[in-house]
Amino acid sequence: MYKIAKERLPELYAAISAGKNLYLPVEDAGQCLFEKWSPESKVCIDCLKTVKSAKELFFPQSENLISFKISGKNIDLVEDRDPAEPFVIFGVRACDAKSFTILDSVFLSDPVDTFYKSRREMGVIVTLACSEPEETCFCGTFGIDAANPAGGDVTTWIAGSLLYWKPETEKGEALTKLLGGILEETSAKDEKALETQKENIRAILAKLPLADLSVDYFSGERLTEGLNDVFYAPQWQELYKACIACGTCTFICPTCQCYDIRDFDTGHGIKRFRCWDSCMYSDFTKMAHGNPRTSQLERFRQRFMHKLVYYPANNDGEYSCVGCGRCLSKCPVSMNIVKVIKSFGGESK
Ligand code: SF4
Ligand code: SF4
């Protein structure tokens, strides 16, 4: 394991970005977002939750798929996808890191999404433990340990005036080699200080207001033969009413992965692109023959049935929520997945 003084982090960022594009939490117009680093960037490495999650680096909000050039009766296909370049994403919290396994199960299953796959191959993930988890966090409900994030190529922790750096994979080792002159090896005393830091984080997590939130209701037979008990539960009749179908919750969510594919007439040809979509929108399921979800109740229910019932039913009981809490702070009418879980009795373990 290695360490670097926090005050020397700009040197670390510069060294990483000398070899690859570096993305990390940056303050932009008063918001904290994953953006490409430059020496002028206002890095906010202590920001716990970027407005949009880290998924955008692998699954962009909008991207070109292909273009068509039309001349007379001929249509030529033009491959103009944005080429994936090697990059490092630094400061990924445990919840966002876990979201990549959920996105992988969707995009890397047959048929593989080659756009997503090439970014996953090019990306090096540097996670960062959460020194100060907030009251909207409930990653522990899904077995995520914010004190020791899993799934990264490198794991980092900030404790006191130091950042600890632990390579976890071949990609992480290769990146660490490039930074040889900047990182220092840790001592036994450092390792002890890090263990204390992890204990401190876990003590904070245990005291959070949502520490006891449980999704046990959404398990066992309710994921199979008893699924209709959840689908037709009276709770939906009240829960959906607050929702104004803005779609904010789906765009900020690290695990939401629905998209639309559209054609745009540039005047010289057609550009086919894909962009994030939202199951909360009335035209989300609109098809040539009609729309199977014509009410907001159905659309609202779909979002949470997918996260808490359909996805775990098809993925060995793994839920499609990582407890990041973004939807708790960003929904304009304070509706969120925690309210849904609690309405099904999820408050006590
Ligand atoms: S953010 Fe809130 S109001 Fe907007 S779609 Fe989601 S639940 Fe509905
Ligand atoms: S549903 Fe809400 S808490 Fe769960 S992963 Fe999505 S934004 Fe985070």
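**Close-up 1. Ile261 and its partner across the strands.** In this predicted model, the bridge partner of Ile261 in strand S12 is Arg274. Asp263 likewise stands opposite Arg272 in S12. Strands S11 and S12 (residues 270-276) pair in the antiparallel sense over 7 bridges; two strands pair if DSSP finds at least two bridges between them. Strands (E, at least two residues) and helices (H or I, at least four) are DSSP runs, numbered from the N terminus. In the hairpin of S11 and S12, 4 residues lie between the strands, and Gly267 takes a positive phi near 95°. Strands of a sheet pair through backbone hydrogen bonds, either parallel or antiparallel.

**Close-up 2. The buried side of helix H1.** In H1 (residues 9-19), Leu9, Leu12, Tyr13 and Ile16 are buried, that is, under 20% relative accessible area (1.4 Å probe, protein chains only). These residues lie on the same side of H1 because they cover an arc of only 100° around the axis; the arc is that of the directions from the helix axis to the C-beta atoms. The buried residues of H1 pack against several elements, including strand S1 (2-5), strand S2 (21-28) and helix H4 (170-178).

**Close-up 3. The surroundings of the two ligands.** Residues around ligand 1, each with a heavy atom within 4 Å of it, include Cys243, Cys246, Cys249 and Cys331. This shell has 9 nonpolar, 2 polar and no charged residues. Among the residues around ligand 2 are Cys253, Arg303, Lys307, Cys321, Cys324 and Cys327. The ligand 2 shell divides into 8 nonpolar, 2 polar and 2 charged residues. Ala, Val, Leu, Ile, Met, Phe, Trp, Tyr, Cys and Pro count as nonpolar, Asp, Glu, Lys and Arg as charged, and the others, Gly among them, as polar.

**Notes.** Residues are numbered from 1 along each chain as its sequence is written, while chains are lettered from A and ligands numbered from 1 in the order in which they are written. Local features need pLDDT of at least 70, side-chain atom pairs count only at pLDDT 80 or more, and totals for chains, interfaces and linings use all residues, while side-chain values use heavy atoms, with hydrogens and water left out.

Notes
Buried < 20%, exposed > 50% of the residue type's maximum accessible area, 1.4 Å probe, protein only. Contact = heavy atoms within 4.5 Å.
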